[in-house]
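Subject: Structure for you to look at

Hello,

Here is the structure I promised to send. Please open it alongside this note.

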Protein chains: 2
Amino acid sequence: MAITVVGSVAYDSIETPAGRRERCLGGAATYFSLAASFFTEVRVIAVVGEDFGAEQEAVFNARSIDTRGIERAAGKSFFWEGSYLENLNEARTHTTDLNVFAAFEPKIPEAYRDSEFLFLANIDPVLQRRVREQMPGVKLVAGDTMNYWIKDHRAALLEVLKGLDVLLINETETKMLAGNNNLVQAARAVLALGPKALVVKHGEYGATLFHESSPKGKSAERPFRAPALPLEEVVDPTGAGDSFAGGFFGYLASCAAASELTPAAFRRAMFYGSVMGSFACERFGTERLQQLTREEIDDRFILFRELTHLD
Amino acid sequence: MAITVVGSVAYDSIETPAGRRERCLGGAATYFSLAASFFTEVRVIAVVGEDFGAEQEAVFNARSIDTRGIERAAGKSFFWEGSYLENLNEARTHTTDLNVFAAFEPKIPEAYRDSEFLFLANIDPVLQRRVREQMPGVKLVAGDTMNYWIKDHRAALLEVLKGLDVLLINETETKMLAGNNNLVQAARAVLALGPKALVVKHGEYGATLFHESSPKGKSAERPFRAPALPLEEVVDPTGAGDSFAGGFFGYLASCAAASELTPAAFRRAMFYGSVMGSFACERFGTERLQQLTREEIDDRFILFRELTHLD
């Protein structure tokens with residue numbers, strides 16, 4: 001089933017202990033699309049500036065990602081500059097230039113309207129909601145957000161949360177959104193805001209899936225934890241969370257029918273998310289995702305199983 | 001197979017967001033023994049003061065732990081006071097009074113000498129080594145240490161590490177011991193110091209088992225990660241790491257023959273370690289371990305499997 005994703009397509013300048021890259025292709029929708037493209041058909045909605053050229057377009061084309069929803073506007077693309085010199089787990093942001101993103105009005109191409117899966121990457125919740133409302137027929141909606149929207153745009157964000165099947169955020173964001181420092185209590189509070197499931201990303205410690213409480217039985221309430229691979233070298237963690245989301249949601253969309261979206265499918269999706277996140281960290285920007293093969297993905301899935309399974 | 005453990009039996013005054021307890025029974029050897037006692041026969045070597053009475057003795061007796069190696073000395077028992085008000089993952093130490101521990105000379109009762117497993121809990125590495133040398137016939141030796149010994153008693157510690165089969169320390173200690181901030185590289189450096197296996201404890205994120213590189217095949221080199229249970233309420237994390245060690249080593253000792261110490265047994269031991277660590281956090285001090293049943297342990301083992309296993 002096809003996924004439509006709305007989010008940023010951007011340029012990033014990144015510094016990590018492994019080195020520095022200037023203006024490499026980035027943005028949440030870019031990482032998400034590349035990761036999800038190994039599992040299913042992906043369609044992007046974003047806006048870019050005049051600095052987005054054939055070279056960048058080719059990155060999407062090489063993975064057969066539909067870019068008809070990427071609007072070209074006068075001006076420059078979204079630009080982010082950050083470093084991870086002191087802490088590989090958290091970026092220090094030096095510059096955020098919204099540029100063409102400041103006036104972004106997402107438009108959904110007619111060809112995207114039969115998408116059954118929708119991913120609302122981390123953008124202004126007002127825009128997330130607008131896109132969601134324009135695609136009433138989707139089967140499964142997942143989304144991301146960040147501390148800025150949680151703190152200063154809470155009302156708009158709460159509207160979005162009401163319509164989400166799955167919210168994917170990191171642990172700090174989960175606790176901030178709930179106003180509670182205990183992960184289990186915070187997860188319950190977030191689920192009470194609307195999402196049917198919550199994926200909490202723990203960076204190098206993997207991710208935990210929480211389901212809304214179900215009267216049907218205890219098993220539906222139990223969390224599930226996917227590991228992250230202990231990596232010999234983390235070159236660049238930029239986009240790892242978006243790549244996780246792409247692997248997670250891409251795998252779910254690859255389940256041919258809604259009846260196949262079982263708890264077991266969600267658990268496998270968590271593992272595929274972790275797999276894609278781990279690959280993203282191995283090179284700068286999207287370099288590793290661009291060169292990846294499905295065989296490598298499945299080999300790493302097996303490695304993750306061996307890393308955590310008793311037998 | 002019986003385990004002999006040497007370490008502290010102490011009194012702890014603890015403050016956490018859940019409340020405060022004065023002078024409750026604590027110490028690494030206490031937590032370790034209680035946890036391990038659910039799996040195998042346990043014998044303790046320690047020193048206590050005149051303040052250690054029948055009530056404390058009864059805690060060990062109730063779990064059939066051999067206390068003939070607990071020496072009574074003139075003076076007070078080891079005392080520790082700490083709090084977790086700002087951070088449940090790391091204790092802030094307010095007081096450490098070594099008391100009778102300052103002049104501790106471990107003596108091994110004749111009845112302990114046929115122990116096949118030896119655990120060197122976190123004490124002066126000079127004492128750890130002395131105990132190790134007095135028990136040349138043991139099959140498997142594991143040990144713990146802490147930042148203080150790593151920083152200021154490195155030479156003595158390195159001597160201990162040479163004779164260890166398994167070292168169990170936390171992530172910060174691993175990186176400090178190796179002088180390397182990457183977990184995988186740090187683990188390799190620690191294994192090069194002598195231990196055949198390294199268990200790195202990540203607190204609420206579980207623990208990772210690293211094996212020394214083996215020329216026999218790739219699988220021996222791969223790490224294994226056990227989860228921790230996301231807990232609704234962490235009442236008191238004191239002793240969680242020692243309880244992990246007790247569950248881990250106790251389970252290994254319960255494997256009747258050395259030939260049963262397979263990689264699969266080590267993986268199950270990691271899960272039992274995590275299980276015992278999670279119970280320890282649920283009440284103050286040793287309260288939860290004292291009231292535990294083997295059935296509860298096995299139920300939680302199943303829960304941990306469900307938490308992480310795909311099928």
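Below is what was found, starting with the model itself.

This is a predicted model, in which local features need pLDDT of at least 70, side-chain atom pairs count only at pLDDT 80 or more, and totals for chains, interfaces and linings use all residues. Residues are numbered from 1 along each chain as its sequence is written, chains are lettered from A and ligands numbered from 1 in the order in which they are written, and side-chain values use heavy atoms, with hydrogens and water left out.

Confidence. The model scores are ipTM 0.90 and pTM 0.93.

Interface. Contact here means heavy atoms within 4.5 Å. Of chain A's interface residues, 97% are also interface residues in chain B, so the copies meet through the same surface.

About 3,100 Å² is buried between the chains, and carbon and sulfur atoms give 49% of that. Buried area is the accessible area (1.4 Å probe) that two parts lose on being put together, summed over both. On the chain A side, A:Tyr205, A:Arg225 and A:Leu310 lose the most area, together 27% of what that side buries.

Charged pairs. Six salt bridges (a side-chain nitrogen of Lys or Arg within 4 Å of a carboxyl oxygen of Asp or Glu) link chain A and chain B. B:Arg222 and A:Glu306 form a salt bridge at 2.3 Å, N to O. Helices are DSSP runs (H or I, at least four residues), numbered from the N terminus.

Over all chains, the count is 52 salt bridges. A:Arg300 also pairs with A:Glu282, at 2.7 Å, N to O. A:Arg300 is in helix 11 and A:Glu282 in the loop between helix 9 and helix 10, so this pair ties together parts 18 residues apart in sequence.

Best wishes

Note on methods: Helix = DSSP H or I, 4+ residues; strand = E, 2+ residues; numbered from the N terminus.
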